[in-house]
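Please keep the sequence and the model in view while reading.

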Amino acid sequence: MSGSISPSEISRLQTALRRLLGSEKLTINPAPRAGMSVELAADGEVIGTIHRDDEDGDVSYAVNIVVLEEDLPAAK
(Lines give C-alpha, C1' and ligand atoms only; values in the text may rest on other atoms or scores of the structure.)
Protein backbone atom coordinates (compact mmCIF):
# COMPACT_ATOMS: atom_id res chain seq x y z
CA MET A 1 0.00 0.00 0.00
CA SER A 2 1.36 3.42 -0.87
CA GLY A 3 1.12 6.37 1.45
CA SER A 4 1.81 10.04 1.69
CA ILE A 5 5.27 11.25 2.61
CA SER A 6 5.49 13.40 5.74
CA PRO A 7 7.56 16.59 5.96
CA SER A 8 10.01 14.77 8.26
CA GLU A 9 10.42 11.95 5.71
CA ILE A 10 10.93 14.51 2.92
CA SER A 11 13.77 16.14 4.87
CA ARG A 12 15.40 12.79 5.66
CA LEU A 13 15.00 11.56 2.06
CA GLN A 14 16.51 14.75 0.68
CA THR A 15 19.55 14.37 2.94
CA ALA A 16 19.96 10.71 1.97
CA LEU A 17 19.58 11.31 -1.78
CA ARG A 18 21.98 14.26 -1.74
CA ARG A 19 24.58 12.08 -0.03
CA LEU A 20 23.90 9.02 -2.19
CA LEU A 21 23.87 10.88 -5.52
CA GLY A 22 26.54 13.44 -4.59
CA SER A 23 24.60 16.62 -5.29
CA GLU A 24 23.47 19.36 -2.94
CA LYS A 25 21.33 20.67 -5.83
CA LEU A 26 18.72 17.92 -5.28
CA THR A 27 15.51 18.97 -3.56
CA ILE A 28 12.29 17.18 -2.79
CA ASN A 29 9.11 19.19 -3.24
CA PRO A 30 6.03 18.21 -1.21
CA ALA A 31 3.00 16.95 -3.12
CA PRO A 32 0.90 19.91 -4.31
CA ARG A 33 -2.32 18.09 -3.35
CA ALA A 34 -3.26 15.05 -1.33
CA GLY A 35 -2.83 11.82 -3.26
CA MET A 36 -0.16 13.23 -5.57
CA SER A 37 3.50 12.25 -5.60
CA VAL A 38 6.31 14.33 -4.20
CA GLU A 39 8.70 15.66 -6.84
CA LEU A 40 12.45 15.27 -7.08
CA ALA A 41 14.18 18.32 -8.54
CA ALA A 42 17.76 19.03 -9.60
CA ASP A 43 18.77 22.69 -9.51
CA GLY A 44 15.09 23.65 -9.51
CA GLU A 45 14.07 21.48 -12.49
CA VAL A 46 11.73 18.57 -11.73
CA ILE A 47 13.38 15.34 -12.84
CA GLY A 48 11.07 12.74 -11.32
CA THR A 49 8.82 11.57 -8.53
CA ILE A 50 9.17 9.65 -5.29
CA HIS A 51 6.60 7.13 -4.08
CA ARG A 52 6.32 5.68 -0.57
CA ASP A 53 5.47 2.01 -0.08
CA ASP A 54 4.49 0.57 3.30
CA GLU A 55 4.05 -3.16 2.93
CA ASP A 56 3.71 -5.22 6.10
CA GLY A 57 5.44 -2.48 8.12
CA ASP A 58 8.47 -2.32 5.81
CA VAL A 59 8.69 1.22 4.41
CA SER A 60 10.55 1.87 1.17
CA TYR A 61 10.74 4.71 -1.33
CA ALA A 62 10.84 4.36 -5.11
CA VAL A 63 12.46 7.11 -7.15
CA ASN A 64 11.31 7.45 -10.76
CA ILE A 65 13.60 9.72 -12.81
CA VAL A 66 12.50 10.91 -16.24
CA VAL A 67 14.99 12.01 -18.90
CA LEU A 68 13.51 13.59 -22.03
CA GLU A 69 15.16 12.81 -25.33
CA GLU A 70 15.43 16.54 -26.03
CA ASP A 71 17.70 16.84 -22.98
CA LEU A 72 20.20 14.27 -24.31
CA PRO A 73 23.39 15.37 -26.04
CA ALA A 74 23.45 15.06 -29.81
CA ALA A 75 24.23 11.60 -31.19
CA LYS A 76 27.76 11.10 -32.51
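The model is a predicted one, in which local features need pLDDT of at least 70 and side-chain atom pairs count only at pLDDT 80 or more, while totals for chains, interfaces and linings use all residues. Residues are numbered from 1 along each chain as its sequence is written, and side-chain values use heavy atoms, with hydrogens and water left out.

The chain contains one helix and five strands, in the order β-α-β-β-β-β from the N terminus. These elements are DSSP runs numbered from the N terminus: helices are H or I with at least four residues, strands E with at least two. Along its principal axes, the C-alpha trace spans about 50 × 25 × 20 Å. Of the 76 residues, 18% are buried, where buried means under 20% relative accessible area, exposed over 50%, and partly exposed in between (1.4 Å probe, protein chains only).

Three salt bridges are found in the whole structure, each defined as a side-chain nitrogen of Lys or Arg within 4 Å of a carboxyl oxygen of Asp or Glu. Arginine 52 pairs with glutamate 9, their closest N and O atoms being 2.7 Å apart. Because arginine 52 lies in strand β4 and glutamate 9 in helix α1 (residues 7–21), this pair ties together parts that are 43 residues apart in sequence. Both arginine 52 and glutamate 9 are buried. Arginine 52 also meets aspartate 54 in a salt bridge (3.9 Å, N to O); aspartate 54 is partly exposed, with a relative accessible area of 29%. Another salt bridge joins arginine 18 and glutamate 24, with 3.5 Å between the closest N and O atoms. Here arginine 18 is buried at 19% relative accessible area, whereas glutamate 24 is exposed at 63%.

Two surface patches complete the picture. Patches are made of residues with over 30% relative accessible area and no salt bridge, joining like charges within 9 Å and nonpolar side chains (Val, Leu, Ile, Met, Phe, Trp, Tyr) within 5 Å. Val63, Ile65, Val67 and Leu72 form a nonpolar patch with about 360 Å² of accessible area together; leucine 72 lies in the segment after β5 (58–65).

A patch of negative charge gathers Asp43, Glu45, Glu69, Glu70 and Asp71, with glutamate 45 found in strand β4 (residues 45–55).

Definitions and conventions
Accessible areas come from the Shrake-Rupley method with a 1.4 Å probe; for residues, only the protein chains shown count as cover. Lys and Arg count as positive and Asp and Glu as negative; His and the chain ends are not counted. The place of a charge is taken as NZ of Lys, CZ of Arg, CG of Asp or CD of Glu.
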